[in-house]
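Biologist: Please take a close look at the aromatic rings and their partners. Give me the geometry, and where each contact sits in the fold.

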Amino acid sequence: MLPYQQFIVMIKKIVINSNAKVNIGLRVLKKKDNGYHDIVTIFQEIDFFDIITLTKNPYGCNFNSNVDWLKNDENNLCIAAYRLMEKNYGIGGINIDLNKKIPAGSGLGGGSSNAASIMKGSCKLYSLNIPNNELEHLAINIGADVPFFINGSIQLGEGVGEKLTPLKNKVRGKYLIIMPDIAIDTSWAYSQFKNGLDTSVSSINFASLLNKKTTSFNKLKLIENDFESIVIPAYPEIGEIKEKLCAFGAQYASLSGSGSTVFGIFNDEASLEKAFSYFTPKYNTFISCPI
């Protein structure tokens, strides 16, 4: 056996940063026969993350976390991801230790990111040479956002979010992330959309703003999140956060996903620091960068 092969076999533990995402624009289109809606969105991965430690065990999946709202049951997306890998590739057991920082119901994709991290981590732990496009195809069985996190970075999402196209340029700047103590149920948010949604959105035009050498923030402001029309009337505080971010000089501000996180993109350090100082005493606030 070659030394490299010996090293692979001896892997017993890995540590993964399970990154969050924001949605730069999100258009909700027609409702499908299966009850899901088609969407067009731009997923941007950011350097805010949960930490997942995976270790081998002889059989099955043991889950442990620093939060009590995540249960050790089949509704847990981490366990669902393990079951999917076990069913399709016959992997052995895994201990999952999750240090959770991304809140539930925040629109940052924490659970989906965790699931994708378990899938990729299982491949490393058990030395499986599975292409990412195969993992993406499997990941949709767990949730609509999970395929994005297999490759991450910045991608156009279509369909229910599983049809992914990598984009050339990330949206540069510093991201100020504001997380109010509000959990918004995604199913509720989608249920509020009625008939008559705009189905004429061109995904090509939607993404073209980010496939140029430079991104105009003036054009970027044309990319809206349709969930704001649902969430802000129900939770006016979220609208106030967005307005304040713009007042502090954010070049772009938006709800992420169906909320409740609001983010602003700054290209001026002084404006960013003033906004950070204002929001920090009131909300869970942090500065992040795009990946």
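Modeller: A charge sits over a ring if NZ of Lys or CZ of Arg is within 6 Å of the ring centre and within 35 degrees of the ring normal. Lys244 meets this at Tyr278: Lys244 lies over the face of the ring, 5.1 Å from its centre. The model is predicted, so local features need pLDDT of at least 70 and side-chain atom pairs 80 or more, while totals for chains, interfaces and linings use all residues. Numbering starts from 1 along each chain as its sequence is written, and side-chain values use heavy atoms, without hydrogens or water.

Phe248, Tyr278, Phe279 and Tyr283 make up one aromatic cluster.

Across the structure there are 12 aromatic pairs (Phe, Tyr or six-membered Trp rings, centres within 6.5 Å; planes under 30 degrees apart are stacked, over 60 edge-to-face, the rest tilted). Tyr175 and Phe263 form a stacked one, with 6.1 Å between centres and 10° between planes. The partners come from distant parts of the chain, 88 residues apart. Tyr175 belongs to strand β7 (residues 174-179) and Phe263 to strand β9 (residues 262-266). Helices (H or I, at least four residues) and strands (E, at least two) are DSSP runs, numbered from the N terminus. Tyr175 has 0% relative accessibility, so this residue counts as buried (under 20%; exposed is over 50%, partly exposed in between; 1.4 Å probe, protein chains only). Phe263 is likewise buried, because its relative accessibility is 0%.

Next comes Trp188 with Tyr235. Trp188 is partly exposed, at 30% relative accessibility. Tyr235, at 28%, is partly exposed as well.

A further charge belongs to Lys56. Its charged end sits over the ring of Tyr126, 4.9 Å from the centre.

What about the chain around that ring? Helix α3 covers residues 110-125, 16 residues in total. Of these, 13 are buried, so α3 is largely enclosed by the rest of the structure. Ser127 follows α3, and its phi is positive, near 55°.

In β3 (residues 61-65), Cys61, Phe63 and Ser65 point to one face and are buried.

Technical notes:
Expected span 1.5 Å × (residues − 1).
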